[in-house]
Amino acid sequence: MVESCENQALENLQGKYQAMVVCCILGIGSLVSWNSLLSVGDYYYQVFPDYHPSRVLTFVYQPFAIGTIVIFSYHEAKINTRKRNLIGYILFTISIFLLIILDLTTKGQGGIGPYIVLCAIVASFGFADASVRGGMIGDLSLMCPELIQSFVAGLAVAGALTSAFRLITKAAFEKSHDGLRKGAMIFLAISTLIEFLCVLLYAYVFPKLPIVKYYRRKAASEGSKTVYADLAAAGIQNQSDLTDDVSKNQRLNNKELLLQNVDYVVNLFLIYVLTLSILPGFLYENTGQHGLGSWYALVLIAMYNWWDLVGRYTPMVKWLKVENRKGLTVAVLTRFLLVPAFYFTAKYGDQGWMILLISILGLTNGHFTVCILATAPRGYTGPEKNALGNLLVLFLLWGAFVGCALGWLWLIGKKNAF
């Protein structure tokens, strides 16, 4: 995926591939906490069997994420992006570590008290998610598409890694005493270390890469003030000298950006409405009993995460990338045919068909997400790209919230659902 990337100017720059790797790891860190909760869902169903953890925790997570991204999107031009992202990654690290502390303190016992504390920790995940995802996508929108594609791919890598780790830990401890709990705790400890690594990478490595410094200087010259702290961290001072031309400080406001990109934001909203209406609640509670037993939901989530990862790399194949805006809208709307497909498969089909459907859901989710996030910022100035990146994340999270709410509709008609 290449925009033009200022090819001639960047030929002599070093650090592009290093930046892609770092962006991927930072993407992993921005979603590994959520995927950790998702992947230990079988354990939380054992501890809190009466409280619909996969649905409730998802529903708790989203309002805090949305509230945070609304505030950040409105004030994005004045927010120090470096502090915003560092606070988010640090909060992720602390919060996921608190999940371990909570379990050790309660000795794996359930009850309403520990469940409320669990919900409070999950709410902090929502704040950190909006802080990091909006901040990073806004920041990377200033740069070439390869970097934002790598970050978005990292979001899917987080899902694939957590699913793989969860399957391994479940298999390793399945026959031991309290094995489900031991596996979950080891899994959460690994996730904590990943988050801490992201703090170090963002604080000390990423801002010093030549390609990153190049784009941030370019954004500052176009009037962006959000990059000043990162430029200072890279040893570049007197950034105000880059914005003396008043004409460069003029930019489209958020309303104008939304009107010009209404199809992109609506499509991103619809993508995540559908995905989150099925994942994870439907997979844990509505697929019935099958030959895989307690492994069934974990296998389905692993398949979703794997194909979501594949889908985030398929746009790198030029003829697979959907750039026609009308064609993208048609494809996103067609994806809603998966709703009746999931319903009838859960009711009448076997596990093979369900695995196929969840794979299609993941593949299309990843593919269309990258197509939108990598294409939408083209043609705008640095400040406009940052603002648009935050707006795209806002509608993505809105879609996830609405999808979580609609996910409860799958319980209608189900015995002992509430």
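Me: Why does R378 count as partly exposed?
Reply: R378 has 29% relative accessibility, and partly exposed covers values between buried (under 20% relative accessible area) and exposed (over 50%), with a 1.4 Å probe and protein chains only. R378 therefore counts as partly exposed. This is a predicted model, in which local features need pLDDT of at least 70 and side-chain atom pairs count only at pLDDT 80 or more, while totals for chains, interfaces and linings use all residues. Residues are numbered from 1 along each chain as its sequence is written, and side-chain values use heavy atoms, with hydrogens and water left out.

Me: What makes E323 and R378 a salt bridge?
Reply: The closest N and O atoms of E323 and R378 are 3.2 Å apart. A salt bridge requires a side-chain nitrogen of Lys or Arg within 4 Å of a carboxyl oxygen of Asp or Glu, so the pair qualifies.

Me: Why is E323 called partly exposed?
Reply: The relative accessibility of E323 is 41%, and E323 therefore counts as partly exposed.

Me: What makes D263 and R325 a salt bridge?
Reply: Their closest N and O atoms lie 2.7 Å apart, which meets the salt-bridge criterion. This pair links distant parts of the chain, with D263 in helix 12 (residues 262-278) and R325 in helix 15 (residues 325-334).

Methods: Helix = DSSP H or I, 4+ residues; strand = E, 2+ residues; numbered from the N terminus.
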